[in-house]
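Let's walk through a protein model together, one question at a time. Have the picture open while you read.

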Amino acid sequence: MSYDTQVPPAAPHTPLRNGLGTAALILGIIGTLSGVTMVLFWLAGILGLIALILGLVGKGRVKRGEASNKGVALTGAILGLVSLVLSVVGAIVTFTAVSAAVDELDKGIKDAAPKDPSAKAPASKAPSGSASKPAAADKNKALEDGDTLVYEDDLEITVSDPKPYSVDEYAVGHTKGNKAYQVTVVIENAGKEKFDATSVQLSARAGANSVTAEQIYDDKIGAGFEGTVMPGKKATVTYAFDAPKDAKNLTVEVNPGWDYDATQWELKIG
């Protein structure tokens, strides 16, 4: 007697789905590295969140027998969480640094602004060498000859009254028929930081029509401020400007540098 033995068919094999765990690990690594650099905190946050979600989903697949990379998925989820923490830390550090930089810039601009003196300028200018340092009552108005402007960083600038200047035949900037005047500019550094005097710029206008008064250069005059003025020291330079012969005023503008406000002195000539 023979018996027919029938073998039941094998159950179809379901492929393992390890992709989410692997993706979580990769994104977690990239997110962690981005978080370490601080400046890429935003990228670390995005990748960390995705890695955490994919890692948890991948771990769920392992639990259901749909995947076999439990360690990979768990590591990806952990790195995703680390990336999120680093993202928060990076955001705090970055925003704090930016805020500090902005505050420092605002402080620098404020320090470079002219002081607003509480007392009005005396009617007459202070004599040469006087300890009195007159300033304009309104910093938006021009100063007069001999007046001193004091900035918030204790940089002091004084422009003297103009005097006639005799140009030589080789002078540059002088027009025949015009008159030349010289003014002396004194910069005193009463602050605590050294001052770069090479950044000082002067310009002038003359007459009722405020025409440009060309600066005069010859073998005696024309060089501007050079070098550095150390705290407690001063520097003095004499400039000469060309003005129409009928001009009654000379407006001299001094700009100590790009982070300072320029100020004008209204000088009487003629």
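This is a predicted model: local features need pLDDT of at least 70, side-chain atom pairs count only at pLDDT 80 or more; totals for chains, interfaces and linings use all residues.

Residues are numbered from 1 along each chain as its sequence is written, and side-chain values use heavy atoms, leaving out hydrogens and water.

Q: How are the rings of tyrosine 151 and tyrosine 260 arranged?
A: Rings of Phe, Tyr and Trp (its six-membered ring) pair if their centres lie within 6.5 Å; planes under 30 degrees apart count as stacked, over 60 as edge-to-face and the rest as tilted. Here the centres are 5.1 Å apart and the planes sit at 90°. So this pair is edge-to-face.

Q: Which aromatic cluster includes Tyr260?
A: Tyrosine 260 pairs with tyrosine 151. Phenylalanine 195 and tyrosine 260 also form an edge-to-face pair, 6.0 Å centre to centre with 90° between the planes. The one cluster they form is Tyr151, Phe195 and Tyr260.

Q: Is phenylalanine 195 buried or exposed?
A: Buried means under 20% relative accessible area, exposed over 50%, and partly exposed in between (1.4 Å probe, protein chains only). Phenylalanine 195 has 6% relative accessibility, so it counts as buried.

Q: What about leucine 40: buried, partly exposed or exposed?
A: Leucine 40 lies in the loop between α1 (19–36) and α2 (41–63); helices are DSSP runs (H or I, at least four residues), numbered from the N terminus. Its relative accessible area is 30%, so leucine 40 is partly exposed.

Key
Helices (H or I, at least four residues) and strands (E, at least two) are DSSP runs, numbered from the N terminus.
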